[in-house]
Amino acid sequence: MMTLLLIGCGTLVVLLGSLAAGGLLFRHLRLALPWHEALALWFLSGSALFSTVWFVFGVCGWVSPTIAVAVSVTLVVLALLSRVWTMLGPLPATYSCRLLAYASVLFVPYCAIYLLYALRPEASPDGSYYHNGFLTLYADVHRIVPVPDSLYAALGQGIEIQALPGFLIGKHCVPGLLQVVYLIALAVLMVGVSVRAGLAKAGVAAAFLVFAAPLVGYGATQALNDVSVAAVVFGMFACLCLHVASNDYRLVVPAGLLAGFAVATKYSAVPATAVLTVYLVWAMLLRRRLPWRWAMVSLTLAAAMILPYLLRNAIWYGNPLAPFQNAWFPNPNFSPWQEWEYREPLRTYGWLGAGGYWWQIPGEVTLNGVRLQGLYGVGPFLVPFGLLGLRNSLSRAALATGAMLSIAFPENIGARFLMPAIPFLALFLAIAVSRWPGMLPVLLLIHGISSWPSVLARWSEPGAMQLGPIPSISEVVRTIPEGESLKKRLPAYDAARWFEKNVARGDRIFAYSTFPEAYTVHHACVAYESTHCYKLSDVFLSGLWDRYRPDRQVVFAFQPKPIAALRLEQVAAKSGRLDIRELRLYSEGKEVLYDGRWEVRSSANPEDLQYLFDRRLVTGWSPWENFRPGQFVELRFPEETPIDRIEIRITSAESQPEFRVLGGRRPAGSNVIAWTPVAARRTEQVVPIPTDLRRQVSEELYRRGVRFVFAMRSDFFSNELMSSQAEWAIVAAAQSPDWVVFELLEPAGAAISR
Amino acid sequence: MLAGPMSDSQPKSLSLSLLHVAQSRALAVMPDIWACGVVFLYVVVRAATLDLTHDEALSFELFVSGGIYKLFGEYDASNHILYSMLARIFRGLFGLSEFALRLPSVFASALYLGAAVSFARDRFSNVWSRGFVVLILATNPLLLDHFSAARGYGLGCAFLAWGIVLACRFDARGGAIGESRSEAYVLGIVIGLSISSNLVFVVPAVAVLVWLGAVFLRSIGSATGSPPLLFGLYVNGLAGPAVFLPATLWALPLRTATSSNFYVGFDSLDQFKLSIGSLLLPAGFAGQWLPEKLRSVLRLGLDVVLLPELAIGFTVVILVAAATGWFRARSASATTKSAVATTFLFLLTAGITFFLWGVVGVKLPVMRTALPLLVCFEFAFVAGIAAVLEMGHRRMLLGAPLLAVAAVAVFGNVLSAPRDYFLEWRYDSQNREIVAALETEGRTLGREPSVLTSYVLSRSLRWYGERRNIAWLKRVPFPWERKQEPRTFDFVVLFPGDPIPGFVVNGEPWRRFETSGVEVYRNR
C-alpha cells in the first residue's frame, strides 16, 4: 500500500503543480470558463509551463523529491492566493442529467480499468526502456544529462520532464497515471467543444470512441506520450474554437503554449503549429477578429515551448534538430546513415511496399493492429461516413485539423502516430452519425464491447499491440511483489536487475536488443541508436558476418609521380555505405608510412580518420551516409612524395564503392591544391584475414570502454557467441532462458578507456 | 373473387398500417389477418417442434455460445450477425432451447407477414384478394423454413420485404418525397438491417437503393424537390444509414474474410436454373402433391422451358401491363408504379447476381442464398397482378392466367410444404430420436461408445448429446478423413447420400429413421 500511496503522492505533485500553473495563467489572462473545461485547459496549459520549469530545474541540477514537493506546493499556494477558483464558471444547462448519466455509463467502466492498468508495475516496451529509463537516469544523477548514445534522449521530452518530479516520489507508475489524466482532459474537452456547437450527443460519442479505442487505452495506461500529445493538440483546438465563439484574443495565448508543448513532447506533432498558424492567419486576415500582436504572442509562446529542446540539442548533440536532419547539422552523435537506418523502416514497418499497400492502412490501424502496432477499433474504421456530416462547420473544422495533423504520418506509419488526429476524426464521424436516430448507440455498443480488453484479446490477431488481461487487485496493491510481476511481463527485467547489482557505473554495455533500463541506472549502447553505437557495431560485426569482414583488398597502381596530396574519391550514388578499414601507400614497392605531419581530411566524420592507419582491421573510417559522389579521404603531404600504389582494405559488403584517384600538386607560391585525375589500374582481391580477428574485436570493444554485451536469445549473434566464447575472449556472465550477458575479458596490456 | 386495386392508394407509415389493422371492424372480414395467423401458427409450431439442424447447431456453436467475442471473431458465412446478436438476447431471456434460438426467425416471420399485409392493403381494396395475396407472398416452403430455422435468412427476407413495401410507398409519393425525411430514414434502416441479417441481401439492397435513386432523380423539379435537398435526403437520410448500419456490424467479422468464406452456391448456370426454377413463384409445381404422371409431364415442360424463362415471361407480361410507363407519366397510378418498380427491382437483383457470377466470379445462389431473388419475385408478381387488374377491360385477358398460376402456386405450396422437416435439412429431422436411441443402446455396452458419422450430422447430434449430458457423442472421422491411426467405432450414423465413396457398410442397419432417411449401423 505504501507504493500506491507514493504513486498517488507523486501523481498529485505533478497534477496539482500543473493545475496551479495553468490556473495562474488563466487567472492572469482573466479567462473564465465552465469549471470542467477550465480544469482541463488549466491542466493542459499548466503542463506546458510546469514541464518548462522542470526542464530548467533539471538542467540546473535541481532534481530531488524535496524540490519537487516545494515547487508544486509553491505553485498551489500562489494559485490559492490569486483566488484562481473565481475563474471557474458553472456547468452550462446543456449538460443535462441524462447526458451525464449516459456519459457515466460509457466512461466509468473504462476509466476504472485504465486506472488499474496504470497502477500496476509499468512494463510497456518503450516506457520501461527509454521514457522511464531516462527518468531513472535523471533521478539517479539529480539532473538532466546528455545521453549521446541514444537518439531517444534527443527527442522532445516535454511529458517525461513534466512527470519527472512525480517520478522522484512515486517512481514508474506516475507517468502512466498522468496519461490517464490527459485522456480524461481530452474527453472533457471533446464534449465541451461539441456542446458549444450544439452537438452534445456527438461530442459524448466521439469522446467515447477515442476513450475506448484499444490503442488509446494502451497509450493512456503506460509511460508513453501519445495520448498526452493528442490531448494537448485538442486543447489547442478547443482554445481556438472558444476564440471563434467569443472573439476573446486572450484565448490564443494557451493555444500557442499548447501547440508548442505538443512539439516539445513529440516531434511528429509539428503539424499542430501549422494548424495554429493557419488559424491565426485566417482569424487575422480573413475573419479580422484577431490583432496581429496577439497572433505574434501566440506564435512566440509556441516557439518558446520548443526552443529549450532546440537549444539543448544544439549544445549537447551539435544539432538543434537532433536526432533528425543530420545532413544539415553534421555532428559526431548522429549521422545521416544512422538516421536513414532508423527512419526508413518507420516509413514501411517492413510491410508497406513488401506485400502491403497504402489502401490497406485504414484497415490495419483500426481492425488488424499487427503490422502497424496497434488498432483503434471499429469506430475509427467507419470514419469515411463522416463525409455525410460535412455540412456542419465543426465537422469541417475537425476534418481539416485531423487531415493536417496526419501530414507527418507517412514518416512513421505506426498506428500510434495517428493518435493526435484520431479525436478529430472521431468527432468528424460522430457528427455525421448523430443525425441518424438510433445509430450512435449501435456504434458505441459495438465499439465499446469489441474494445473491452478481454473481448479484444479474443478477436484481435495475435501480436496486435493491446492491453493484456485486466490486472488483478493483488498486482495493483503489490500483494504480488513488483519484481515478480515485472519478471512475468518483461523477459529482460532480471537482466536489468543483474546490471544494477554487478556492473560498475561507467562500464559500457553494448547490445542490439534493449533491456528495461527503467529498472537500472545502466544504459546500453544499442546499435541503431547513435553513430557511436554504430561504430561499435561495425567493430563487432567484423568478426561475425561475412559482409562486414575486412577481407577485400583494393589496389590502385599508377605511374610513380611526386604529388603533394592524394584524394581517394567515391563516385557512386546508391544505397550502402563506404567503410574503409585500412589505407596504405607505397612507393617503388616500399610502404610509405603514416607521418604525423600528414594532413588527413575527409568529406565527413574526421574523428575516425586515425583508424585508417592504426593497422587494425576491425577499425576504420566511414562517412556514415549512403554512397554519394564526392565522398573522399584526402592526404596532404608536407612535401611532394612519389606514390605509385594505394592499397585499401574494405569489407565484403554487397554494395561496393567506386573510386577514382586524384593527385594534387601545389603550384609554386600557392597553398591551394590543384587536383588532377590519376590514371590508376584497379585490382581487387579477397585476402585472408587474421585468425584472431574475433579476439581483436573484443579487444577493440574493450579499448572503447565496452565491458558487457547484452543479447536476447533471439538475437542473431547470441548462439554464435555462446558457442565460441574463447574465440571471442568473452564469458557468459549471466543468463536466463531469454537473455545472456557476455563479459569481455580484459586484454593483456590494453589501454583501458571509459 | 378479386376486385380492382386501390387506384388512389396513399402511402402509409408502418404505425398507420398497424393502427388500421387494430381499428378494423372485425377479424372476420379480414382474411389477410387470418391468413397471417395461420401461417404464423405454422411457423411457431415448426420452430417449437422441429429438431435442430446441422447449420443451426453450427451457428450456435460458432457464434451464439460462449463469449461475445465470438461475434467478432473469424468470419464464416454462418455468422448472420444480426441473428447471432438477437439469438444471444433470446437465449439470455428464455434459456437455451431450440425455440429460443429460433425466436429471431419467428419474430422475422411476424415482420414479413406484416409487410405482406401492408403491401396487400396498399395495392388491393378487396379484403379477400388481400388474403389471397398474403398467401402468395408467404407460403413458399423454403421461405417458411427460414422463418422457423435459427438462421439469419428469415430476418433478411422480412427486412427486405419491408424495404420493398416502404420503397413502393416512397415511389408513390411522387414529387412530395422532399418532405419524407423520417420515412427515408426508416427505409434506410430497414435496408441496412436486411444486409446486417445476411450478406446475400446486399444484392437486393443495392437494387433497392438504385431504384430509389431513380425515384429521387425523377422528383427533381417537383415542388419540394430541389436537387441539393433531394441529394441530401437520399445520401444522408437513406443511403447513409442503409450502408452505415451493416458496415458497423460487419466491420469486425469481415476483416478476416477471404473469398473462400462465401460459399453461396453453384458455379454452373444449368444447376442454378434448376435450383432457381424450383424456388420462384411456382414452387408448388415441383411439389410432391401432384400425381406422378402429371409431374413427369410438367417436368418435361420445365426441361423445355425452364422456370427462369417462365419467370422472365411473367416479367414481360407485367412490363407490358405497365405500359403507361413509370418515368413518362408521373400521374401513373401507385399500383402501376409499384408493378414496374418491383419488376425492375427483381431484374436488377438478378442482373447484379449474374454480373457477380460472370465478372467477379461469385457463385450463383442456390436455395437459401437465392431467397432475396424469391422475395423480389414474389412482390413483383403480386404487384403485377394488381397492375393487370387495374387495366379495365383487358384485365381478364391477362389477369386470368396470372391468377391461375398464383392459385396453383399457393395450392401447391400449401400441399407440398412439409411440417416435420426443413426442405434443405431433411436428414436432420430426427436427431433427437437418433441421440436417444444411441444413448439407450450405448448403455448396454458398459463403456463409452464411439460414433462414426459425417461432418454434416455430427454437430446437430452433438448438440442433442450435450443437452442429454452425453459426453461420448463425439465424431469419429471417416477413414479417408483420418490423419491419425484408424479408430474403432461402435455405431455408424449415415444419411442418404452419405457416406462418400470408399466407405462401404455391410449388413442391415440397426435402426432406420423414416422421415430423415438416416440409418444407424452397429459395429459387431
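**Notebook: helix pairs and a pocket**

I began in chain B, where α8(B) passes α16(B) in a right-handed crossing. I kept in mind that this is a predicted model.

Next I looked up the geometry of that pair. Helix α8 of chain B covers residues 153-172 and helix α16 of chain B covers residues 371-389; they pack at an angle of about 35°, with their axes 10 Å apart. Then I listed who touches whom. From α8(B) come Y153(B), C157(B), L160(B), A161(B), I164(B) and V165(B), and from α16(B) come L371(B), P372(B), V375(B), C376(B) and F379(B). I sorted this contact by class and found eleven nonpolar, no polar and no charged residues.

I moved on to chain A. Here helix α8 (residues 200-212) and helix α18 (residues 422-433) pack at an angle of about 135°, with their axes 8 Å apart. Angles over 145 degrees count as roughly antiparallel and 65 to 115 as roughly perpendicular, so α8(A) and α18(A) are oblique to each other. Their crossing is right-handed. Among the residues in contact are A202(A), G203(A) and L209(A) of α8(A), and P423(A), L427(A) and I431(A) of α18(A). By class I noted twelve nonpolar, one polar and no charged residues there.

Last, I checked the largest pocket, which holds about 1,300 Å³ of space. Which of its 45 lining residues are the closest to its centre? I found Y152(A), Y342(A), L346(A), N412(A) and F417(A). Helices α5, α11, α13 and α14 of chain A each supply at least two residues of the lining. By class, the lining has 26 nonpolar, twelve polar and seven charged residues.

Notes: Residues numbered from 1 in each chain as written. Chains lettered and ligands numbered in written order. Predicted model: local features only at pLDDT ≥ 70, side-chain atom pairs only at ≥ 80, totals over all residues. Heavy atoms only, no water. Axes fitted to C-alpha atoms, helices over the stretch in contact; angles between N-to-C directions. Helix = DSSP H or I, 4+ residues; strand = E, 2+ residues; numbered from the N terminus. Parallel < 35°, antiparallel > 145°, perpendicular 65-115°, else oblique. Left-handed = near helix turned anticlockwise from the far one by under 90°. Contact = heavy atoms within 4.5 Å. Nonpolar A, V, L, I, M, F, W, Y, C, P; charged D, E, K, R; others polar. 1 Å grid on protein atoms, 1.4 Å probe; cavity = no way out; pocket = protein on both sides within 12 Å on 5 of 7 lines; lining within 4 Å. Points joined across faces, edges and corners; volume = space filled by probe spheres on them.
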